[in-house]
Amino acid sequence: MDTSSKENIQLFCKSSMQPVGRPSLTTEYSSSKEKQQCCGELKVFLGALSFVYFAKALAEGYLKSTITQIERRFDIPSSLVGVIDGSFEIGNLLVITFVSYFGAKLHRPKIIGTGCLIMGVGTLLIAMPQFFMQQYRYEKYSPFSNSTLSISPCLLESDNQLPISIIEKSQSKRSDDHITITPKDPQWVGAWWLGYLIAGIVSLLAAVPFWCLPKSLPRPRSREDSNSSSEKSKFIMDDRTDYQTPHGEKSKIMEMARDFLPSLKNIFGNPLYLLYLCASTVQFNSLFGMVTYKPKYIEQQYGQSASKANFVIGLINIPAVALGIFSGGIVMKKFRISLYGAAKLYLGSSVLGYLLFLSLFALGCENSDVAGLTISYQGTKPVSYHERALFSDCNSRCKCSETKWEPVCGDNGITYASACLAGCQTSTRNGQTMMFYNCTCVGIAASKSGNSSGVMGRCQKDNGCPKMFLYFLVISVITSYTLSLGGIPGYILLLRCIKPQLKSFALGIYTLAIRVLAGIPAPVYFGILIDTSCLKWGFKRCGSRGSCRLYDSNAFRHIYLGLTVMLGTVSIFLSIAVLFTLKKNCVSKHRSFRTKREGTMVSTTIRKENCTTGDHLLQPNYWPGKETQL
């Protein structure tokens, strides 16, 4: 092998093109050796890139799963949590467009490795507030750690009880080995920060292989000329462009920047690309908002714990999405679906998915019975909510705070905002179980003479709610699979409607638009609208409003599901416009081809590169059918 060939092996996407002709035995041996080395390095690159996607999905997915934990830990509303979730995408705004344009011409592996390092450090920083802020304090009534000392939750005006300030001090001075709540409690906050440490370390490890890869892979010598190379190799390996000098010198930044605006104009001048970009942006708004608040929806709608909500999402929904994406790719490859067929499959999966999603409106649970918020203290429904509704004749003599949320479940199945508001006179504790007795308000709602008891914590939802939750999981899995089935066809549609030399730039613009117009705003306005369904707000020690303690289940369901379906419907109409535009272009190209064939004789190569397979969008020197030949 000559010196120039050995130097070319060190390149990732660049090699000298050999003239078409019969190669010698030495050339065939060299080509075979280069091919083996190319395939080995390519496998390493693909393996490392797959691990990067795993690290990114781990960090981003874990952020979604800790939304409710962060909300409770720092006592903030859903709207602010949405800003935090959207800020995950903000870092891409400054670099993604330029990286997608210049990165295709510079050292790609090192650029990816640098991105992994930044992502890892950023993920580790998310966990830092846990170690620099004060310890989490939850609102709980608790007598002194000595269970023999019982203080009445209801401090009667005529009673000579300890003042509230003493009780608050006793609560604030409780030792850390003494926790009075369980993971099923709505105020429980687990080790939310631990996953970020793991995800950050994984991201840092994912950067290591990219610093060991060459700038480019060699392209083995072949009997075919460059025009017959597959679309896969064209997309993975760089083409010889005007930016690269003949002797392999480095591209000049000014020369690349000179064509930035013309390339941008070329991309946005493509109506098919623009319509697909709009359809995808609207659809991802619905998906990002739905996924961000899905654990919260399961908790509030079906009364499930945060751990169980995230467990079922990870165990059921995520595999369904992965299977749907994989199935979409298999269908595209097995049946060699054309570009027009890919657009129809993308539209069909969206229509069917959102139709299935509509059925979730009927699978909700009614509001929990909370005295003064969803029902009256006498047990009648409904009740118009206002702060003073928390007070009734049964607790009028108690010195109760209307801002506290320390739920107590009475024997009558009604939840009270606190033991004081339930009118409880005495209390005892056995481990983590707190019992209250002689609760006047519980006795009234139970239509009994005398008093009743209650236990710390919210009452369970009605008996039909677990069954509804099971149906919700089944429909959710089918919907997730159906929507993700159109992922690969949509991605193929995106790749084929752009010139080969602009694909990297077009993908960067697409990713930027999805993050800026969907990833950032969707969690914010979803959170703002969800907050409007709050019935009981918590308050911080400084007096400002904290996180929501209780939501109106019906309003939450209508806002969460309604907004998702509304955005999905808009994306469907835009997808229909994509289909009509594609069909119009196909007809126009087909007519132009027939006219040209009648006037001149065309070669077999030119006929393949035109719109004979149904993919009629690209220039005559490009055959889109090669996209599916992976």
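I call a residue buried when its relative accessible area is under 20%. I keep that cut-off at hand for this model, which is predicted.

**Entry: S280**

I looked up S280 first. Is S280 buried or exposed? Its relative accessible area is 1%, so S280 counts as buried. I then asked which element holds S280, and found helix α13. Next I listed its neighbours, leaving out residues up to four places away in sequence. S280 touches Y346, Y510 and I514. With Y510 there is also a polar contact, side chain to side chain, at 3.4 Å.

**Entry: helix α13**

I turned to the helix itself. Helix α13 covers residues 271–292, which makes 22 residues. From first C-alpha to last, α13 reaches 31 Å. That is close to the 32 Å expected at 1.5 Å a residue. I noted a general point: an α-helix has 3.6 residues a turn, so residues three or four places apart point the same way. Then I checked the start of the helix. What caps the N-terminal end of α13? N270 does: one of its side-chain oxygens lies 3.1 Å from the backbone nitrogen of L272.

**Entry: the sheet**

I moved on to the strands. I found an open sheet of five strands, and its order reads β2-β1-β5-β4-β3. The pairing is antiparallel. Which strands sit at the edges? They are β2 (415–416) and β3 (426–430), and each pairs on one side only. I noted that strands of a sheet pair through backbone hydrogen bonds.

I looked at one pair in detail. Strand β1 spans residues 408–410 and strand β5 spans residues 452–456. Three bridges join β1 and β5 in the antiparallel sense. I also traced V408 across to β5, where its bridge partner is M456.

Definitions and conventions
Residues numbered from 1 in each chain as written. Predicted model: local features only at pLDDT ≥ 70, side-chain atom pairs only at ≥ 80, totals over all residues. Heavy atoms only, no water. Pairing = 2+ DSSP bridges. Helix = DSSP H or I, 4+ residues; strand = E, 2+ residues; numbered from the N terminus. Expected span 1.5 Å × (residues − 1). Polar contact = N/O pair within 3.5 Å; in protein donor to acceptor, adjacent residues only side chain to side chain. Buried < 20%, exposed > 50% of the residue type's maximum accessible area, 1.4 Å probe, protein only. Contact = heavy atoms within 4.5 Å.
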